[in-house]
Amino acid sequence: EVAPVTRTQGLTVPQVQARLAPRQALLLFARVGDRVGGFWVDAQGAAVGPTDGDALAPWAARLPTVDRLFVVAAGVPEAEALITARVGDRWLLEHAAVSYLPYAGALPTGPTAPRPGPALVVADPSSDLPAARAEGRALAKALPAARVLEGPAAAPGAITGALAQAPAAFHFAGHGVLEPAAPWDAHLRLADGQRLTLADVLALPGRGPGLVVLSGCDTGRRLELGRYDAVGLPAAFLLRGARAVLATTRPIGDGEPLEFLKRFYAEGALDDPAHAFQRAAMAREAAGDSSWKAFYPMGY
């Protein structure tokens, strides 16, 4: 056994169940010594089991009973890769919409609603990614009353000022930077070599943006601070009130994800980001476009 069957990260099983809607489940992972185990909670109860190298094997029979799966990966690599996993001859995403949470207590306590108001698009702030600039212009058409900041206009003051107004969405198309030797220095590169840092995000006043999409290299990678703690830009945005964050776990080519992101917004990303990701990913996979595998969704 890798976790008590009555408690998950400070929440009892009934408390977790109270936060889950029908056909939703929480899958939490933990590492004890050399073993990795999973802890599944749904409306029917809870179960604990070792993964033995296959993070989904103990729960394969339960997957048909849910259409929404929250995952707490807890730094377990095979859990972090679940978004692109297969169950038999089907993708996990064909069974359920999946999103990650930094910890079990981040489960919403009630229904969540999209943020009203305009959107903010920051495109090619470093003026060296022409396809990212085209991405920003194209996707701004799918967002409500979007304000677009490109190149030199994408300065820290303009961006943090706009983010402080709690926009419906914040779409960033540019460079993400993550240095393993300095995890707290994770940042988005802005105009003239300036930065939007993890600390800047945490210091944002108000609720921050509703939906955040970070379309840049390694914007979603987390760096471990210790055995149980990690830091990354997506969790910082969630802490500032974002409902959901879509970020990347690897480098991406300039313009590579455009068609996937177009489909993501067209599938209702502002209203239901997790199911929009699910539908967009499977549609683009069927079209021979695997760029969706660079991204993972966090939040609700």
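Figure 1. Two strands count as paired if DSSP finds at least two bridges between them, where strands (E, at least two residues) and helices (H or I, at least four residues) are DSSP runs numbered from the N terminus. The model shown is predicted, so that local features need pLDDT of at least 70 and side-chain atom pairs count only at pLDDT 80 or more, whereas totals for chains, interfaces and linings use all residues. Residues are numbered from 1 along each chain as its sequence is written, and side-chain values use heavy atoms, with hydrogens and water left out. Strand β3 covers residues 24-32 and is mostly covered, with 7 of its 9 residues buried (under 20% relative accessible area; exposed is over 50% and partly exposed lies in between, with a 1.4 Å probe and protein chains only). Strand β6, residues 68-72, pairs with β3 in the parallel sense over 5 bridges, and A25 has L69 of β6 as its bridge partner. Strand β4, residues 35-42, runs antiparallel to β3 and is joined to β3 by 7 bridges; within this pairing, R31 stands opposite V36 of β4. The hairpin formed by β3 and β4 has 2 residues between the strands, and G33 in this hairpin takes a positive phi near 65°.

**Figure 2. The open sheet of β13, β14 and β15.** Three strands in the order β13-β14-β15 make up an open sheet with antiparallel pairing. The edges are taken by β13 (176-177) and β15 (195-197), each of which has a single partner strand, so one side of each is left without a neighbour in the sheet. Between β13 and β14, the latter spanning residues 187-189, the antiparallel pairing runs over 2 bridges, and G176 finds its bridge partner in L188 of β14. In β15, the view includes T197, which is buried at a relative accessible area of 18%. When neighbours within four places in sequence are left aside, T197 is in contact (heavy atoms within 4.5 Å) with A186, H187 and L233.

**Figure 3. Helix α4 and what covers its buried residues.** Helix α4 extends over residues 130-140, and its buried residues are A132, E135, G136, L139 and A140. Seen down the axis of α4, these buried residues fall within an arc of 120°, so they line one face of the helix; the arc is that of the directions from the helix axis to the C-beta atoms. The cover over the buried residues of α4 includes the strands β10 (119-123), β11 (147-150), β12 (169-173) and β16 (211-215), together with the helix α8 (258-266).

Figure 4. S215, which is placed in strand β16, is buried with a relative accessible area of 5%. Its C-alpha atom lies 8.9 Å from the C-alpha of L261, while S215 and L261 are 46 residues apart in sequence. Apart from neighbours within four places in sequence, S215 is in contact with E135, H171, F172, A173, G174, I252, P257, L261 and F295.

**Figure 5. Two loop residues with positive phi.** Most residues other than glycine have a negative phi. A145, in the loop between α4 and β11, has a positive phi near 45° although A145 is not glycine, and with a relative accessible area of 66% this residue is exposed. D192 occupies the loop between β14 and β15; its phi is positive as well, near 55°, again in a residue other than glycine, and D192 is exposed at a relative accessible area of 68%.

**Figure 6. The protein chain as the setting for the views.** The protein chain has 9 helices and 20 strands, and of its 300 residues 53% are buried. Among contacts in the protein chain with a separation of 6 or more, 72% are between residues 24 or more positions apart. The accessible surface of the chain, calculated by the Shrake-Rupley method with a 1.4 Å probe, comes to about 12,200 Å², and carbon and sulfur atoms account for 52% of that surface.
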